[in-house]
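Subject: Structure handover

Hello,

Below is the structure I promised to pass on.

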Amino acid sequence: MRIEAEHLTYIYGPGLPWEKRALDDVSLRIEEGEFVGLVGETGSGKSTLVQLLNGILRPTSGRVLLDGVDLTDRRKPIWKARLQVGLVFQFPESQLFAETVAEDIAFGPRNLGLSQQEVSKRVEESLLKVGLEPALFRQRSPFTLSGGEKRLVAIAGILAMWPRVLIVDEVTAGLDPRGKRDILTRIKLLHRNERATVIMISHDMDEIVSLVERVVVLKSGRICRQGQTTEVFSDEESLAGCGIRLPTIPQILSSLVKAGWRLPVSIFDVREAARLIAQEYHHGTV
Amino acid sequence: MTYEDVTPKIVLQGVSYCYPDSTASPVYALSSLTLEVKAGDFLCILGPNGSGKSTLGRLFNALLIPTEGSVQVDGMDTRNTALLWTIRTRVGMIFQNPDNQIVGTIVEEDIAFGLENLGIPPNEIRARVDWAMEKVGISTYAKHPPNLLSGGQKQRVAIAGVLAMKPSYIVLDEPTSLLDPQGREEVLRTIQELHSEGITLILITHRMEEAMLACRLLVLEKGKLAFLGIPAQLVEEDELRRHAHLDLPLAIRLAQLLREKGIPLPPFLPRPEELVRTLCALKRST
């Protein structure tokens, strides 16, 4: 599904003393099957933007088109379009409520009016997609699961709606390293195998560069930079201006470059970085 | 013997903890742990979710009392309820979510809360609150309502609240896991300063980058001690780290690869800046 945002502006509490322009004239285009990272300081408008993209919020001005259909058209019921954009909020596990994992995941599909058989099929399928064995998890209470498992169940609940776009907001925050890795692996597979369009919000630049192809950087409600990941993360100064620091490896490379080493900066793979640094060390001239 | 005569340290002797459970088989969150934390130490506790980290953290200041074995704080046994308040004043505690730890309507009132409850005279309270705010760098927000502060600022307010009680030890249970990169850096800088001024720290974290700042590391696995040693030692323990899902920080991994490629780097460089500095120095001397 193609997403187009045109001149999106969103103001919280218009006319009130605490009025805040969270987004200011943001235009953006995301093609079917892309994996896009959305980054920016706290309060830069990331979460507001993704809530506009699935119609939870209506823009103060501007519009959102999903495959050309205007999500902000007040004359049309938008719920169908909204269902196609699955949004996984921060700490989605806090929204688990049912007595069993299967019931929790079934809630959304059932509200679509699907048959019991179809609902059960989607529950199984979604559990498999997030890597939880249905036989082991179906009947468990969500509250007996680990933090990482709970979050996977919450994601399965979104996937059971068959969204064509998956948006995840700080999906690894607060998880242990294993939970983190499981979730990121699942999202990578969803993107690769199901050709899902994925938008990922994260504060962890190492995580972003290991996954996404394209990055959009927000600063104070405006797009500050966007482009291919390698391109955006090659320029330390302009990124710093957007309140974003380089990921670990490019940061090290950049510091070496400043000290006179001849190296590229936008290398994210640690082995490749080691190869280039060693080469320059043994043969280069400083 | 008065308690002041004892060498200041926390001693855990054969500590086990079992959460009360209705089911027949008791689940031990911690089993037979013996440990000594001397004054001036900076101990970091690592381990996957459910390995017993938080249980251990809560045993240090008598929030939990061991099911078996004993915990002694400067010679005071935590089982002795008469000593409870002395122990808790001496061992401060910081939790993951700053929002759950803030009670005051403005910053300085929040920090004064604990002192007021101890019945400390007002002028002494004033002096200690000012001192604590100064220490963590939040003096300029003294009159601000805490809810308007950023996550990192709020967490520093919580730390100031503990600091005002003049504790000898501070236990921090994942204090940065919900913060953005800037907030994390603020909190880490603050706690490192506290350590350099002689406060003993016990830091529970999932982040290896943070763990590398500590003097000693303790890794828990299923409630048992899996490792206790200096950070440089853990870097060598490949098998253990793989097992406990503790990935090396990227900068340390890079240094390892560079050594394999014949650059004579010292075995342990915890921070990326040190790696860069050492590389440049080596390059100049070749």
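How many bridges join β7(A) to strand β8 (residues 197-201) of chain A? There are 5 bridges between β7(A) and β8(A), and these strands run parallel. Two strands pair if DSSP finds at least two bridges between them. Helices (H or I, at least four residues) and strands (E, at least two) are DSSP runs, numbered from the N terminus.

Before the rest, two points on the source. This is a predicted model, in which local features need pLDDT of at least 70 and side-chain atom pairs count only at pLDDT 80 or more, while totals for chains, interfaces and linings use all residues. Residues are numbered from 1 along each chain as its sequence is written, and chains are lettered from A and ligands numbered from 1 in the order in which they are written.

Around β7 of chain A

Leu166(A) has Val198(A) in β8(A) as its bridge partner. Strand β6 (residues 85-88) of chain A also pairs with β7(A), in the parallel sense and over 4 bridges. There, the bridge partner of Val85(A) is Val165(A). Strand β7 (residues 165-169) of chain A is mostly covered, with 5 of its 5 residues buried. A residue is buried if 20 or more other C-beta atoms lie within 10 Å of its own, exposed if 12 or fewer, and partly exposed in between, with C-beta atoms placed from the backbone. Val165(A), Ile167(A) and Asp169(A) point one way from β7(A), Leu166(A) and Val168(A) point the other way, and all are buried.

The antiparallel sheet of chain A

Chain A has an open sheet of 4 strands in the order β2-β1-β4-β5, with antiparallel pairing. Its edge strands are β2 (20-30) and β5 (69-70) of chain A, each pairing on one side only. Strand β1 (residues 3-12) of chain A is joined to β2(A) by 7 bridges, and the two run antiparallel. Within that pair, Tyr10(A) has Leu23(A) in β2(A) as its bridge partner. Helix α1 (residues 46-53) of chain A packs on the sheet and touches β1, β2 and β4 (61-66) of chain A; its direction makes about 120° with that of β1(A). Two residues are in contact if their C-beta atoms, placed from the backbone, lie within 7 Å. Axes are lines fitted to C-alpha atoms, for helices over the stretch in contact, and angles run from 0 to 180 degrees between N-to-C directions.

Helix α1(A) is mostly covered, since 7 of its 8 residues are buried. The buried residues in α1(A) are Lys46(A), Ser47(A), Thr48(A), Leu49(A), Val50(A), Leu52(A) and Leu53(A). Just after α1(A), Gly55(A) takes a positive phi of about 80°.

Chain A as a whole

Chain A has 12 helices and 10 strands. Its radius of gyration (taken over C-alpha atoms) is compared with the globule rule, 2.2 Å times the number of residues to the power 0.38. The radius of gyration of chain A is 21 Å, close to the 19 Å that the rule gives for 286 residues, so chain A is as compact as a globular protein of that length. Buried residues make up 45% of the 286 residues in chain A.

Chain A is divided into domain 1 (3-244) and domain 2 (246-286); these bounds come from an automatic or database domain assignment. The C-alpha centres of the two domains of chain A lie 34 Å apart. Their contact takes 9 residues from domain 1 of chain A and 8 residues from domain 2 of chain A. On the domain 1 side, α8 (205-211) and α10 (236-241) of chain A each supply at least two residues.

Chain B and its contact with chain A

The contact between the chains takes 26 residues from chain B and 28 residues from chain A. On the chain B side, the elements that give two or more residues are α10 (250-260) and α11 (272-285) of chain B.

Chain B also has an open sheet of 6 strands in the order β6-β7-β8-β3-β9-β10, with mixed pairing. β6 (91-94) and β10 (224-229) of chain B stand at the edges with a single partner strand each, so one side of each is left without a neighbour in the sheet. β6(B) is joined to strand β7 (residues 169-173) of chain B by 4 bridges, and the two run parallel.

Regards
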